[in-house]
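Please report on the salt bridges, the nonpolar cores and the helix packing of this protein. Give the cut-offs along with the values.

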Amino acid sequence: MYIYGLALKEVEKKIDIIRYDYEYFNKYDSIDHVMTRIKSPESILNKLKKDEMEPTYKNLVSDINDVAGIRIICPLKSDIFTIRKYIREFNDINVIKEKDFVTHPKESGYTSYHMVVKVPVAIDNDISMVKVEIQIRSLAMDFWASLEHKIYYKFEGDAPDYISRDLRECAEMVSTLDEKMLSLNEAIQECLEKQEELNMSTKTKESNRQDQRVLQGLD
Ligand code: 0O2
């Protein structure tokens, strides 16, 4: 678990770089917050059992991709793909698997972008490549997934059909909300650009007027 903890720290450093770089050049913070977790021993054993694997360290390393997990929560849906692009560009991050549940939501309604990466971790003069699962989602997606995880996801009984149907309906509402916020953001950006152009042209007119007054010897 110590090694997975170190791997998480490596990925967190990269996320900090993405955040700093994007904010510096775009004056916009594409990350709302980041959460990390190490999978609990119970959860690891359950997953191995589900996958019909013996509970050995070797199977843990080979079968379980999300012992170390990091979740990046972005303000807008479009930020997810910006962050994915950055992650793919790091030379020392090896992306081994990607699942796009944003474009193709799960049957449950779950949406999120998953990446399994390998990062180099230095231990006792040795470098090991350690797996970390990165989940990238918007604030709205996270709202749905966190609540659904609490109230239903791990429910193993026979839930009445209407519960999963209602949860799927909620996921659709969340998706509509995400699209609406995206288009509102674009509209706001357009307004700001127009305002900026207007300010610039007013400033130019004013400075031309001043130049003319200087030329005419009025100032
Ligand atoms: P927890 O408690 O969050 O850790 P893989 O072996 O990587 O190919 P795997 O592990 O079966 O595939 O998983 P997948 O489909 O990539 O999704 C794994 C994680 O995504 C889950 O981890 C959840 O965190 C999240 N997830 C997937 N489906 C749902 C869903 O329907 N609802 C919610 N709320 N989360 C979901 P764990 O280990 O199951 O749970």
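This is a predicted model: local features need pLDDT of at least 70, side-chain atom pairs count only at pLDDT 80 or more; totals for chains, interfaces and linings use all residues.

Residues are numbered from 1 along each chain as its sequence is written, and side-chain values use heavy atoms, with hydrogens and water left out.

**Salt bridges**

Side chains of opposite charge can pair when their charged atoms come close. Here a salt bridge is a side-chain nitrogen of Lys or Arg within 4 Å of a carboxyl oxygen of Asp or Glu. The search of the whole structure finds eleven of them.

| Pair | N to O distance |
|---|---|
| K85 and E89 | 3.5 Å |
| D142 and R137 | 2.8 Å |
| E206 and R209 | 3.1 Å |

Helices (H or I, at least four residues) and strands (E, at least two) are DSSP runs, numbered from the N terminus. K85 and E89 both sit in helix 4 (residues 77–89), four residues apart, about one turn of the helix. For accessibility, buried means under 20% relative accessible area, exposed over 50%, and partly exposed in between (1.4 Å probe, protein chains only). K85 is exposed, because its relative accessible area is 51%.

The D142 and R137 pair involves two buried residues. D142 counts as buried at 10% relative accessibility, and R137 counts as buried at 3%.

E206 and R209 are three residues apart in helix 6 (residues 161–215), so about one helical turn separates them. E206 is partly exposed at 38% relative accessibility. R209 is partly exposed too, with a relative accessible area of 48%. Elsewhere, salt bridges that share partners join R37, K39 and D66 into one network.

**A loop residue**

S30 lies in the loop between helix 1 (2–26) and strand 1 (33–38). Is S30 buried or exposed? S30 is buried, because its relative accessible area is 1%. Contact means heavy atoms within 4.5 Å. Not counting residues up to four places away in sequence, S30 touches Y22, C74, P75, D79 and I83.

**Nonpolar cores**

In soluble globular proteins, nonpolar side chains tend to be buried together. A nonpolar core is a set of buried Ala, Val, Leu, Ile, Met, Phe, Trp, Tyr and Cys residues joined through side-chain atoms within 4.5 Å. The largest has 34 residues, of which I72, I83, I87, V117, V132, I134 and I136 touch the most other members. Two or more residues come from each of helix 1, helix 2 (41–50), strand 2 (68–74), helix 4, strand 4 (113–123) and strand 5 (126–138). Helix 1 gives the most, with seven residues.

Which residues does I72 touch, not counting those up to four places away in sequence? They are I15, I31, H33, V34, I83, I87, I134, Q135, I136 and R137. Apart from this core lies another, of eight residues, among them A140, L167, A171 and V174.

**Helix 1 against helix 4**

Helix 1 and helix 4 pack at an angle of about 120°, with their axes 11 Å apart. Axes are lines fitted to C-alpha atoms, for helices over the stretch in contact, and angles run from 0 to 180 degrees between N-to-C directions. Helix 1 is therefore oblique to helix 4. Angles under 35 degrees count as roughly parallel, over 145 as roughly antiparallel, 65 to 115 as roughly perpendicular and the rest as oblique. The contact is made by I18, D21 and Y22 of helix 1 and T82, I83, Y86 and I87 of helix 4.
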